[in-house]
Amino acid sequence: LLRRSAATPSTQTPDVSVSSLTDGTWHVDASASELKFTGRGMFGLVPVHGSFAAFDGTLEIEGTEARGQLQIEAATLDTNNAKRDTHLRSRDFFEVDNYPTVTFQLTDLAPAADGTLTFTGLLKIRETELRVEGPARATTLPDGRLKLETTIAVDRDAAGLSWSKMGMIKGKAQLHASIVLTHA
């Protein structure tokens with residue numbers, strides 16, 4: 001369940017508060033959204049960039065309560081390197097044959113002091129559920145859609161993605177989400 005702020009949105013910025021969201025169901029517009037990640041390969045020296053091409057989700061707002069979920073098709077992972085993508089989809093990492101979906105469940109969304117939002121949620125990869133939190137920026141687009149953006153670091157080991165031949169894959173993965181939602 002999400003907390004909604006009682007504050008009114010500023011008229012001088014496109015940022016919106018949770019309380020200014022229209023009640024009802026908001027659907028992810030995947031064609032206008034993006035889910036990207038960056039990790040480190042080659043002993044932590046070379047950045048590896050990738051994205052997920054297929055995902056869907058909703059954000060439900062009702063009165064002072066809200067909830068949201070994002071389902072990501074793990075097999076749509078793309079780093080622009082077929083051999084690497086096959087390995088990332090294998091049992092060593094996402095194991096997409098047995099776990100085709102990565103899920104993010106939003107559990108809290110609250111206003112932050114700097115005018116942004118702070119979110120908390122559960123990221124489930126395979127059988128591992130990881131609590132994640134971070135800043136989010138909400139912007140109302142000219143056509144009335146809502147855009148939520150965030151970048152967070154995810155500990156690969158804690159997420160169950162710790163395979164690394166001779167220490168070649170190092171550090172945390174950076175996840176960037178730019179999610180556009182349309183009110184139903």
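Let's start at Phe94: with 11% relative accessibility, this residue counts as buried (buried means under 20% relative accessible area, exposed over 50%, partly exposed in between, with a 1.4 Å probe and protein chains only). Keep in mind that this is a predicted model, where local features need pLDDT of at least 70 and side-chain atom pairs count only at pLDDT 80 or more, while totals for chains, interfaces and linings use all residues. Residues are numbered from 1 along each chain as its sequence is written, and side-chain values use heavy atoms, leaving out hydrogens and water.

So who sits with whom? The whole structure holds 3 aromatic pairs (rings of Phe, Tyr and Trp, the latter by its six-membered ring, with centres within 6.5 Å; planes under 30 degrees apart are stacked, over 60 edge-to-face, the rest tilted). Phe94 and Phe52 are edge-to-face, because their planes stand at 80 degrees, with ring centres 6.0 Å apart. Phe52 lies in strand β3 and Phe94 in the loop between α1 and β7, 42 residues apart (helices, H or I, of at least four residues and strands, E, of at least two are DSSP runs, numbered from the N terminus).

Next, Phe104 and Phe119: another edge-to-face pair, 5.9 Å centre to centre and 85 degrees between the planes. This one links β7 to β8. Phe104 is buried at 17%, and Phe119 at 7%.

Finally, follow β8 onward: this strand pairs with β9 in the antiparallel sense over 9 bridges (pairing takes at least two DSSP bridges). Their hairpin has 2 residues between the strands, and Arg126 in the turn has a positive phi of about 55 degrees.
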